[in-house]
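Here's a quick briefing to read with the model open.

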Amino acid sequence: MTSSIFSDLNDKQREAVFSKDGPVLVLAGAGSGKTRVIAYRIGYLLKERSVSPYSILAVTFTNKASTEMKERVLKLLGKDRMPFLWIGTFHSICARILREDIEKLNLKINRHFTIFDKEDSKSVIKRILKDEKLGDTSFGVSEISDYFSLIKRGAGRTFTSNISSLYSLYEKNLVEQNALDFDDLLLYTVKLLKEVESVRIKYQQRFQHILVDEYQDTNDVQEELLTILAGKWKNLFLVGDEDQSIYGFRGSKVRHIVEFPQRYSNAKIIRLEKNYRSFDTILSSASALVSHNKERLGKTLWTDKKGGEKIKFFSGESDRDEANFVADEIFKLSSSYPHNKIAILMRTNSQSRGFEETFLNKGIPYQIVGGIKFYERKEVKDIISYLRLAINPYDRISLLRVINTPPRGIGKTTIEAIEKVSLEKNITLYEAIVAGVNENLFPQKASQSLREFIELIKDLQVEVSNSKPSEASANLIEKIDYINYLESLSDLKKESRVENIKELVSALKEFEVREGGNLEMFLERQSLSSDQDELNEEAGDSVKVMTIHSAKGLEFPVVFIVGLEDGFFPHEKSKMKEDEVEEERRLLYVGMTRAMEKLYFTNSKTRYIYGNVIVRDPSPFLFEIPLKNIEEIKITNEKAIVSKLNYPLEKHELNYNILSPGIRVYHKNYGVGIVLSSEGSGESLKVTVSFSKFGRKKLLAKLANLEVM
DNA sequence: TTCTATAGCGAGAAA
DNA sequence: CGCTATAGAA
């Protein structure tokens, strides 16, 4: 007996949703409705099987996905049962477990620990290198940080004693600061569950059903965590697609999916092969591409959406030319596709700059998703650091960041003096400041500044616990005169910096109103936020520009995959290893399968790298896609010339000859438009122009006084 | 201590 | 080319 809410599922989806207890692996192809299957599975468990929401754990890949999942379940069930459902990312779930129980590990870490991001971790490493005078390790700080992450995932290979001692210093340093890095969140949770029986039993008992999305992207530690949590009930409902495994560099292993049936001999395996997203041309092209991979279980995706347009391919002369093509094409599409239905997908973040400049010049609204995140901006991180410090005074990275920001007369010498006191008395930096001031260990002037700094932090601590987070931070910003400080900088971006600070306060306010959260919850949310979390529907009608990694799980009617060159696809650094080339191929596959209706490929024959022009070959992956599915777009010479003239923005005298389709023009009444077609010639030349605000107009070139842009 | 100029180095993807 | 660390001046 199935109730009507499940009637819109197909047979395979149903089979998955209605599975009996026990391990289930759903091999879900791109666009086959896997998020929906998980949501309905939860709905089924709650409604038909009367499972308590308290007993369900759902793991998603991003916070955005978990929010969407919650909303979907909410729609199926209504509000009252939601609060107990645990839905979140691996990292947020671990943080939640640790905030409750980490003190049971009897380490020096308490529940108010700070979560260090990559930048913080690197700062720790920098300081250790400095303190230990190990500046000559011949490894870069980033390299060391990545290596530590590798070690924490259990993949660390042999390493020199130099690095080994550095690693233990790093670990010690984090503990002293009451801080965990991203890997620690997972690692300490596994440790806690392994070593503290009461905690293990508590969660094993509780989670009767565990559901995991994007299972192909789990690493060894996450796998171990799942195994422990599911230890009692063994009801693992895993959904994934080996063809979309693109996080190998973060330790994810396709092996977890492939070997799942061996680990659980009673596992049920279901394949979802019907694709609801893309037209057949797109889907079959993507399938053809990924079929060149060896490491896969294999699926045969199909769709009802037969046919569809060919993939349009444009090869530019320069990266500028490429960006111009994309911009012009978006303009042409704008009558049928609003900007927010269009995505530009890239291999690397650095590619965004060229598109950003072109879109800015051509007035195309865009949003860069990912790259440097909002909370990673310098000015935002400054304020965040004050707040972190107020909650966790052991956090010396945040302390060092804010102690002289804005400048308050506490320079290098003073900081060294503080560090000396801290070392001698074996106390934290913050305590050293307090002690040093009380015992008159610093010069008069420095002492006065430090006294004021201590007062500031003390007041902040009080405020943080007594008043609303947004008020506490607004007061802080006021007190340290931070806006004026930003404005005093000779910085081209200072205006946007001030904006960002205002946005931070708004974000805090929104958080306390919408979720009733306190500051600690906000800081945690913030430090675990993902690229996709910055995407919100209300953000206006803009083209989304992002890496393929950031686009995972999303879909768009129109997709441009740019930079399809050897060196990006596959990336220069992956070319040598076969398994990494396969991952690069999967990456392109993921990009292609984001597209619903129109898919564009673009590349460039040359590209600026470090300011030098590099000649580039097309991506070898292009030749793995059936030729019949691709249509190459050639641009007339005139247009190519204009494209080059086109940048940076300059007005040029009108030469009627260049008013050919695709040219961007400006009309004093109608604004910016693009030439669609032309008829006649010379004085009687008429052109049809599509204007962004006024639609199509047919104009006599002689009278229209068009300017080519 | 703070501000400014410039040399020198560097970008693979991200919770 | 753009960022940042650092040296040197104020």
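Ring pairs join Phe 6, Phe 18, Tyr 40 and Tyr 44 into a cluster. A pair here means rings of Phe, Tyr or Trp (its six-membered ring) with centres within 6.5 Å; planes under 30 degrees apart are stacked, over 60 edge-to-face, and the rest tilted. Keep in mind that this is a predicted model: local features need pLDDT of at least 70, side-chain atom pairs count only at pLDDT 80 or more, and totals for chains, interfaces and linings use all residues. Residues are numbered from 1 along each chain as its sequence is written, chains are lettered from A and ligands numbered from 1 in the order in which they are written, and side-chain values use heavy atoms, leaving out hydrogens and water.

**Aromatic pairs**

- By that rule, the count is 22 aromatic pairs.
- Phe 6 and Phe 18 have ring centres 5.3 Å apart and planes at 80 degrees, so they're edge-to-face.
- Phe 6 sits in the segment before helix H1 (11-17) and Phe 18 in the loop between H1 and strand S1 (24-28), so the pair ties together parts twelve residues apart in sequence. Helices (H or I, at least four residues) and strands (E, at least two) are DSSP runs, numbered from the N terminus.
- Phe 6 is buried at 1% relative accessibility, while Phe 18 is partly exposed at 22%. The cut-offs are under 20% relative accessible area for buried, over 50% for exposed, and partly exposed in between (1.4 Å probe, protein chains only).
- For Phe 148 and Tyr 170, the ring centres are 5.0 Å apart and the planes at 45 degrees, so that pair is tilted.
- Phe 148 belongs to helix H6 (residues 141-152) and Tyr 170 to helix H7 (residues 161-176), so their pair ties together parts 22 residues apart in sequence.
- Phe 148 is buried at 2%, and Tyr 170 is buried at 2%.

**H4 against H9**

- The axes of H4 (residues 90-101) and H9 (residues 197-206) come within 12 Å and cross at roughly 135 degrees. Axes are lines fitted to C-alpha atoms, for helices over the stretch in contact, with angles from 0 to 180 degrees between N-to-C directions.
- Ile 97, Glu 100 and Asp 101 of H4 make the contact with Val 199, Lys 202 and Tyr 203 of H9; contact means heavy atoms within 4.5 Å.

**Glu 223**

- Glu 223 is in helix H10 (residues 220-229) and is buried, at 10% relative accessible area.
- Neighbours within four places in sequence aside, Glu 223 contacts Tyr 215, Thr 218, His 256 and Arg 263.
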